Amino acid sequence: MPLSFYLGNTRRGGGWAQSLLPSSSPTVKSTPKVHASRKSRKRTALINFLLTNFFTIALCLSFIFFFLTLLFFGIPGPISSHFKPPSVPRRITTRKPVTPKQPRLNSTLTGAAVDITTKDLYDKIEFLDKPGGAWTQGWKVSYKGNEWDTEKLKIFVVPHSHNDPGWKFTVEEYYERQTKHILDTIVHTLSKDPRRKFIWEEMSYLERWWRDASEDKRESFTNLMKNGQLEIVVGGWVMNDEANSHYFAIIEQITEGNMWLNDTIGFVPKNSWAIDPFGYSPTMAYLLRRMGFENMLIQRTHYELKKELAWHKNLEYVWRQSWDADETTDIFVHMMPFYSYDIPHTCGPEPAICCQFDFARTHRFSYELCPWGQHPEETNQENLQERALKLLDQYRKKSTLYRTNTLLVPLGDDFRYVSVEEAEAQFQNYQMIFDYINSTPSLNAEAKFGTLDDYFQTLREEADRINYSLHGEIGSSQIGGFPSLSGDFFTYADRQQDYWSGYYVSRPFFKAVDRVLEQTLRASEMLMAFLLGHCQRPQCEKLPMRYAYKLTAARRNLALFQHHDGVTGTAKDHVVLDYGTRMHTSLQDLQIFMSKAIEVLLGIRQEKSDLTPALFDPEQVRSKYDALPVRRVISTHKGTAQSVVFFNPLEQTREEVVMVVVNRADVTVLDSNWTCVQSQVSPELQHDESKIFTGRHRLHWKASVPAMGLQTYYIANSFVGCEKAKPAKLKFFSKLSSIQCPAPYACSKVEGDTVEIMNRRQVLTFDVKHGLLQKVTHKNGPQNVVVEEIGLYSSSGGAYLFLPDGDAQPIIQPGGHLVISEGPLMQEMYSYPKTSWEKTPVSHSTRLYNRGTTVQEFLIEKEYHVELLGRDFNDRELIVRYKTDTDNKRIFYSDLNGFQMSRRETYDKIPLQGNYYPMPSLAFMQASNGQRFSVHSRQAAGVASLREGWLEIMLDRRLVRDDGRGLGQGVMDNRVMNVVFHILTESNISSISNPASNTPPQSPSFLSHRVNAQLNYPLHAFIAKKPQEISVATHPRSFSPLATPLPCDLHIVSFKVPQPSKYSQQQQRGDLRFVLMLHRRKWDSSFCKKARSGCTTVANEPVNLFNMFKDLAVLNAKATSLNLLHDDTEMLGYTEQFGDDGRVIIPPMEIQAYKLELRPRQ
């Protein structure tokens, strides 16, 4: 067996000539001379043995010597650049085995051991923005020239075209103007020369082009992929944002794209390409790993972090989740080193030179000329050597920033390669340069066009042959020679003090619509799965099959909005209109489907037709794409009752105080057995100084809805034997005008400077003059100072950048309206505050709920009605600030994509805007005594802790100016909106002594997880179109599909039939058409006493999938990847914990997917 085999010198693909490792021929040492003496038989036998086996023994000794040399000195590698600080000695170890480790199953997890954390980088970097010369944000890069003597420089130039599915133009406008021509160009130009390569990312555009393309073009495209000239990278519907997007939506958008790609072309991507999201989340790395991806490429990280990582040759690393002590989440990452992904900033550190090799920046084409004044020249025989050496010099300088001698050079920009002429200009000029470099052996370099897979394969092969690990480096068992890293890359800054924290909040109305569409799609897919699961004959499949294409459209419209100029709020006004209209259309379609589906599941109609009008309407409706939802008013006449059906999309039984709007106060609530239910009625309020009461009434009662099930209640008029809804008692305070007491309520005036509302758990104290919260007192517990403040920043930023001019100033003045509602189920303080403007930009309600066994009674509900409209609020950014007595040392935690928490610290060395972070759903502060202050949100926002004990959240922003990042406009299309927070103040039972300590990542409490779930996955309510006579008895209407509620830390991410139309009307034996995706949440056990209320089990014990459903039998189950395309769990990074008896063990933090075969139980 050749020596190269032992050294891992094997190849997965062709291309580069192999460099033999230096070695010497075995030498034979002479045997020592033997003194003359009498020879015994034993010595003679020994000498005969040695002489007979002389060659074998010498060879063995030589091999032992050779391996001892490798053990002590390591495998030789390239000489390091002198720009790296004094090199650390190589690690002298054998390579780690690649076998995945067994996951630990305990609920209290230790943190990951890694070489680098982003927190450590932030602590170390001074953020001085020192000028670096030609590479402004770096340093003057040079090299000795002998770095490639033993391992030649292998250069992959990767042509690409970044196509935004909406930004300055809508997705359809871009397609017609540019993208369809780009895809045509790719097929045409790559087919002319097999050396040409290209990568493509967005399936939203490819699917659109595929519908238009001829059979010949489709065949050519497929052949280019098969022969390796064209690679699909990520293959998601879009290149999603990573700050605002929820992990459910990220999974949906990647899966939608990957499944279409696999079904259409038969290709499954394994490399990720994310050059344009504005910061990066480890959640994305985790999801990609669990989808079977092997490698990632990222670009937009803070320029100071790039510089620090480049200086130590750590731009390529293994990204590990912060909780992962077992290395099961490791994925390899390449970070691009320079300012941008355009051609001037990708060939090397000197953009003025690199721009000369963007052959589309000439007068022949419409692109901007090189701003440095030196323009591209057509390559010819006269200038070939000079041009090739100049470009190679940049390649060499760039390569010194990385450990290996395999170099990646992207070649593209936004919407490039739009014509054959442009593509030929790039391909032909570069091929001439490549031919010169490759035909000149003294250059020790080889260059060619490549795909991302070409690059990563060659890099991994080189890393297998040459040990690039540093002494003491933890690294990874997945790939040797690179450091391990944990953490996230927020907040992004591209230059100076320009931090991209504005987009966390831009267009907040549509960020909220995004979440509504997510939870409505998730609920619709559940109902679709139940309809198909319980169906036993073709007729009952008509409804789900006819709506299947609308669910697909909804998935794609949701996926489209996850684009990094969609949910970010960074598109032109008319593009936002397009996104909003698409989401609004899908919301309407889904609500109609759900209205019809519940009839079938409740047994009202056995075989619902798509054409039959629904008997129910959704309780909330939107008149247009940018309007707030309006609640349907229930009108009851004497002797009638109106049905209200609730669907619970969560996996646990839900005990919750619910609310509907009624036209009269004297009504009664009954459950599905026509049993009386205690209820409360209070006046409906609105944001109108002159008319606070609408004349309608809010009806509250406690509902109980089974897990993933349906429950019916009745709103009755003149029902004998039941107490009517109890009217709330009202208290008023007003310095603006008098408030008339509405009938039938008892009213009084507020006395004193403070006012309180309370429930069984806590008392809230408010400042009457300002209508703002002052403190929270727990009954039989601590008192917390929580001073609420509403303020405005003056700002010069835009859609992307937050550029405040000083601190936010409070806007609430003494005076205004105050309305207190006190009832047995809900207490509320509503404030229409006085400000310096004629119409205040914000009013707000604070609510407490009071009913045993509900999660609601632990929380404080805050609802802000925001109207940041008109010229008075130009260049203003609205915030709410909670000033607490929490000694958090300006350290707090915010969530990443609704999946995990990240530690945040406010640094004086970076500006205010750099200390703002994304808050997709949760932020909390923790004190040294263990007390925690948490704010849960149902939409993405931005959050900061600028002073000790302060938690500040931005609500809306209105900016006149463009911030110079290409959009060409400000953000002026503000909409009226409501922002809802659920606040928790908790005391733990094992306090930490130092909130600044570098402990493993904190997790939400059990209660916090439940609060977040109920806020982000609310009950779906439907109201019967027609009332029914009370005298006509009906049997109980409910649907309870689960055999028992799931453990409280186990969340069903989705339960669906991904592609209903792929299957025949009647299921065939073995059809794994259903998908169940489970996420086991990690929770902080130090808060468990309070948090376990209403919960009976947690997922420490296995969960039996076979016995999960009450009336559906799970005949078969198979673990699969999160994009549903891989059934080998070992390639996903973990060992499957799934028994033949259907029992599954999911470690904390993990998301696992299963394909199921379901049949109705006989």
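Let's start with a sheet: six strands make an open one in the order E1-E11-E7-E8-E6-E5, and the pairing is mixed. E1 pairs with strand E11 (residues 484–486) in the parallel sense over two bridges, and Ile-116 stands opposite Leu-485 in E11. Strands of a sheet pair through backbone hydrogen bonds, either parallel or antiparallel.

Before going on, keep in mind that this is a predicted model, where local features need pLDDT of at least 70 and side-chain atom pairs count only at pLDDT 80 or more, while totals for chains, interfaces and linings use all residues. Residues are numbered from 1 along each chain as its sequence is written, and side-chain values use heavy atoms, with hydrogens and water left out.

Stepping back, the protein chain has 19 helices and 54 strands. Of its 1162 residues, 63% are buried, where buried means under 20% relative accessible area, exposed means over 50%, and partly exposed is in between (1.4 Å probe, protein chains only). Contact means heavy atoms within 4.5 Å; among contacts in the protein chain between residues at least 6 apart in sequence, 76% join residues at least 24 apart.

Another open sheet has five strands, in the order E17-E19-E23-E22-E25, again with mixed pairing. Strand E17 (633–634) and strand E25 (726–727) are at its edges, each with a single partner strand, so one side of each is left without a neighbour in the sheet. Inside this sheet, nine bridges join strand E19 (residues 654–662) to strand E23 (residues 693–705), and the two run antiparallel. Glu-656 has Ala-703 as its bridge partner in E23.

Now for a parallel pair: five bridges link strand E2 (residues 153–162) to E10, with Leu-153 opposite Ala-445 in E10. Strand E10 (residues 445–449) is mostly covered, as four of its five residues are buried.

On to a couple of helices. Helix H17 (residues 573–601), with 29 residues, reaches 42 Å from its first C-alpha to its last, close to the 42 Å expected. After H17 comes Gly-603, whose phi is positive, near 80°.

What about the inside? A nonpolar core is a set of buried Ala, Val, Leu, Ile, Met, Phe, Trp, Tyr and Cys residues joined through side-chain atoms within 4.5 Å. The largest has 280 residues, of which Leu-206, Phe-221, Tyr-395 and Phe-1055 touch the most other members. Helix H15 (residues 508–534) gives the most to this core, with 13 residues. Apart from it lies another core of 31 residues, including Phe-646 and Trp-701.

The largest cavity has 26 lining residues, and Gly-898, Phe-899, Gln-900, Pro-1004 and His-1009 lie nearest its centre. Helix H18 (1006–1016) and strand E39 (900–905) each supply at least two residues of that lining, and H18 gives the most, with five. (On a 1 Å grid over the protein atoms alone, a cavity is a set of points where a 1.4 Å probe fits but cannot get out; lining residues have an atom within 4 Å of a point.)

Finally, take Leu-773, which is in strand E30 (residues 772–778). Leu-773 is buried, with a relative accessible area of 2%. Not counting residues up to four places away in sequence, Leu-773 touches Leu-764, Thr-765, Phe-766, Val-786, Val-787 and Glu-788.

How values were computed
The expected span of a helix is 1.5 Å times one less than its number of residues. Two strands pair if DSSP finds at least two bridges between them. On a 1 Å grid over the protein atoms alone, a cavity is a set of points where a 1.4 Å probe fits but cannot get out, and a pocket is an open set with protein on both sides within 12 Å along at least five of seven lines; lining residues have an atom within 4 Å of a point.
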